Amino acid sequence: MLLALWLGTRQIIQPLRILESKAATLALGDFKSIQAPVGGIAEIQHLQKELVEMAHKVQDAQRSLHGYIGAITAAQEEERHRLARELHDDTLQALIALQQRVQLAQLGLQPATRQDMPESVELNEIAALTEQTIENLRRLTRALRPIYLEDLGLVPALEMLAHETGQAMGMVVEFRRQGVEKRLDPAIELAFYRMAQEALSNIARHALAKQVSINISFTPASLIMQLIDDGVGFEVPKNPAEYAPSGHYGLLGLHERAELIGATLQIRSSQGKGTSLTVTLPAQSPTST
Ligand SMILES: Nc1ncnc2c1ncn2[C@@H]1O[C@H](COP(=O)(O)OP(=O)(O)O)[C@@H](O)[C@H]1O
Ligand SMILES: [Mg+2]
């Protein structure tokens, strides 16, 4: 009787307890620990085998999902590139030609035509509207395809982004760099830039911040980018996909962008005290140069 009880504990209860704790770590994303045998009766071993198989399937699915997201991100960048070129080469050039025609027409008005004559007023309005549209289009193409980034690198591009965003949103966006700037793989620079754009757009839309800063720090061990705002803050979801079902993909996209280049993303926020977002790319990351 005692022997049966002892055997039951050893062969069933203990292995089940171990398996249960391994299943819990599996749920947290640890795919390794489930593989070490837990022993016990055949049914328990069978259960463990099923769990191991399931873990493999989940891992495979995750891998292909990441490959897919990487491909979509690359296609999206290509499309932005193409759009920016078309807008720049066709639409913008056409507007500039229009602007020159308007200027000629302004000059062509009889000198006697007074500034407050209807023709004059009309032409001045058209000129102002054209100039505004050209300016907006330039901003749009810069956002689609950050040429500063390609030509000058991450630091000048972020500095420009800070300046432009500050102006557009009517708030102070400070920019600070630490360490010696180093040019990185274009895909990495672009990922950092896109993450800064998304973080700034979140700040503009949600934070009600007065003060924003972008800090970038180059050290031999890592590249760290930080965006800090003094706005309303929010409860950071444990799982970045939490907002996705309601159509909010920004935070999820930030995590994916970071993961695609081997960086980590950390968001800290507290209600009323603002938010800080930190991207860290270790120097030995496989994709960094
Ligand atoms: N800097 C921030 N300050 C305050 N709230 C923020 C900030 N960034 C994100 N949030 C909150 O997180 C939510 C999810 O952000 P996101 O996934 O980018 O979606 P979206 O910007 O489309 O709402 C936002 O709706 C907002 O409530
Ligand atoms: Mg957003």
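Buried here means under 20% relative accessible area, exposed means over 50%, and partly exposed is in between, with a 1.4 Å probe and protein chains only. By that rule threonine 130 counts as buried, at 5% relative accessibility.

Some ground rules before I go on. This is a predicted model, where local features need pLDDT of at least 70, side-chain atom pairs count only at pLDDT 80 or more, and totals for chains, interfaces and linings use all residues. Residues are numbered from 1 along each chain as its sequence is written, chains are lettered from A and ligands numbered from 1 in the order in which they are written, and side-chain values use heavy atoms, with hydrogens and water left out.

Back to threonine 130. It lies in helix α3, residues 118-144. Helices are DSSP runs of H or I, at least four residues, strands are runs of E, at least two, and both are numbered from the N terminus. What does threonine 130 touch, leaving out residues up to four places away in sequence? Leu95, Leu98 and Gln99. Contact means heavy atoms within 4.5 Å.

Arginine 142 is in helix α3 too. Buried or exposed? Arginine 142 is buried, with a relative accessible area of 19%. Beyond four places in sequence, arginine 142 touches Glu135, Tyr148, Met160 and Glu164.

Now threonine 91, in helix α2. Threonine 91 is partly exposed, at 36% relative accessible area. Its contacts, again not counting residues up to four places away, are Glu86 and Leu137. Threonine 91 and leucine 137 are 46 residues apart along the chain, and their C-alpha atoms are separated by 8.5 Å.

Next, the core. A nonpolar core is a set of buried Ala, Val, Leu, Ile, Met, Phe, Trp, Tyr and Cys residues joined through side-chain atoms within 4.5 Å. The background is simple: in soluble globular proteins, nonpolar side chains tend to be buried together. Here the largest nonpolar core has 40 residues, and Leu158, Phe192, Ile216 and Met225 touch the most other members. Which elements supply at least two residues each? Three are helices: α5 (154-169), α6 (186-207) and α7 (250-260). The strands are β1 (172-178), β2 (211-218), β3 (222-229), β4 (264-270) and β5 (274-282). Helix α6 gives the most, with 11 residues. Apart from this core lies another, of nine residues, among them Leu26, Ile34, Val52 and Ala55.

Phenylalanine 192 touches Leu154, Leu223, Met225, Ile261, Val279 and Leu281, with residues up to four places away not counted.

Helix α7 next. Its buried residues are Leu251, Leu254, Glu256, Arg257 and Ala258. They pack against α2 (42-108), α6, β4 and β5. After α7 comes glycine 262, with a positive phi near 80 degrees.

Glutamate 198 is partly exposed, with a relative accessible area of 24%.

Asparagine 202 brings us to ligand 1. A polar side-chain atom of asparagine 202 lies 2.9 Å from an oxygen atom of ligand 1. For histidine 248, also through a polar side-chain atom, the distance to a ligand 1 oxygen is 2.6 Å. Glycine 250 uses a polar backbone atom, 3.1 Å from an oxygen of ligand 1. On its own, ligand 1 has 540 Å² of accessible area, and the protein covers 87% of it. Those areas come from the Shrake-Rupley method with a 1.4 Å probe; for residues, only the protein chains shown count as cover.

Last stop, the loop between α6 and β2. Leucine 208 sits there. It is not a glycine, yet its phi is positive, about 55 degrees. Leucine 208 is exposed, at 71% relative accessible area. Lysine 210 is found in that loop as well. Lysine 210 is exposed, at 67%. Among its contacts is Met171.

Note on methods:
Polar contact = N/O pair within 3.5 Å; in protein donor to acceptor, adjacent residues only side chain to side chain.
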